[in-house]
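Visitor: Hi, I'm new to this one. Can you walk me through it?

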Amino acid sequence: PPPPYQAPPPSYPGAPASSQWQQQQQYTPNMAQSGVYPVAMPPADPELLTTINKTSGYCARNGQAFENMIREREGPNPKFAFLQHGGDGNEYFRWRVHCMAMGLDQAAMDAIQNEAFPRPSVEDEAELMRLLETLS
């Protein structure tokens with residue numbers, strides 16, 4: 001099989017040293033088993049984003065048992081579907097819990113997000129809007 005992917009060292013504030021980063025970032029085919037989660041796009045729904053941000057903090061501080069308790073308590077509540085594998089926002093939730101468990105603060109996570117998903121320039125955004133208007 002091919003060797004696992006090695007992510008380059010990050011450039012955000014508070015990033016781990018290069019050797020520590022490389023040990024943590026051995027990407028394998030099954031991310032859930034390895035405990036390493038790739039950067040995920042946050043959900044567009046602001047209410048869902050707020051719920052995930054708050055819940056991920058509690059889960060990172062209180063551990064897997066706490067997450068399991070919320071999952072059992074909330075069960076079919078669609079507001080907490082992100083706790084279920086494949087649920088809306090699950091990838092983002094997993095990534096946040098992982099980052100917080102590694103000791104990253106909000107500024108570091110924002111920097112990672114901005115590096116992974118850069119905002120388009122004003123000109124590019126205007127061009128995109130013009131193209132979208134021609135489609136409608």
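This is a predicted model: local features need pLDDT of at least 70, side-chain atom pairs count only at pLDDT 80 or more; totals for chains, interfaces and linings use all residues.

Guide: Let's start with a helix pair. Helix 5 and helix 6 are oblique to each other, since their packing angle is about 130°. Helices here are DSSP runs (H or I, at least four residues), numbered from the N terminus. Residues are numbered from 1 along each chain as its sequence is written, and side-chain values use heavy atoms, with hydrogens and water left out.

Visitor: How far apart are the axes of helix 5 and helix 6?

Guide: They are 10 Å apart.

Visitor: New topic. How many salt bridges are there?

Guide: Five, counting a side-chain nitrogen of Lys or Arg within 4 Å of a carboxyl oxygen of Asp or Glu. One of them joins Arg-94 and Glu-67, with the closest N and O atoms 2.1 Å apart.

Visitor: Which helices hold Arg-94 and Glu-67?

Guide: Arg-94 is in helix 5 and Glu-67 in helix 4, so the pair ties together parts 27 residues apart in sequence.

Visitor: Is Glu-67 buried or exposed?

Guide: Buried, at 2% relative accessibility. Buried means under 20% relative accessible area, exposed over 50%, and partly exposed in between (1.4 Å probe, protein chains only). Arg-94 is buried too, at 16%.

Visitor: Which residues are linked in a network of salt bridges?

Guide: Glu-67, Arg-71 and Arg-94.

Note on methods: Axes are lines fitted to C-alpha atoms, for helices over the stretch in contact, and angles run from 0 to 180 degrees between N-to-C directions. Helices (H or I, at least four residues) and strands (E, at least two) are DSSP runs, numbered from the N terminus. Angles under 35 degrees count as roughly parallel, over 145 as roughly antiparallel, 65 to 115 as roughly perpendicular and the rest as oblique.
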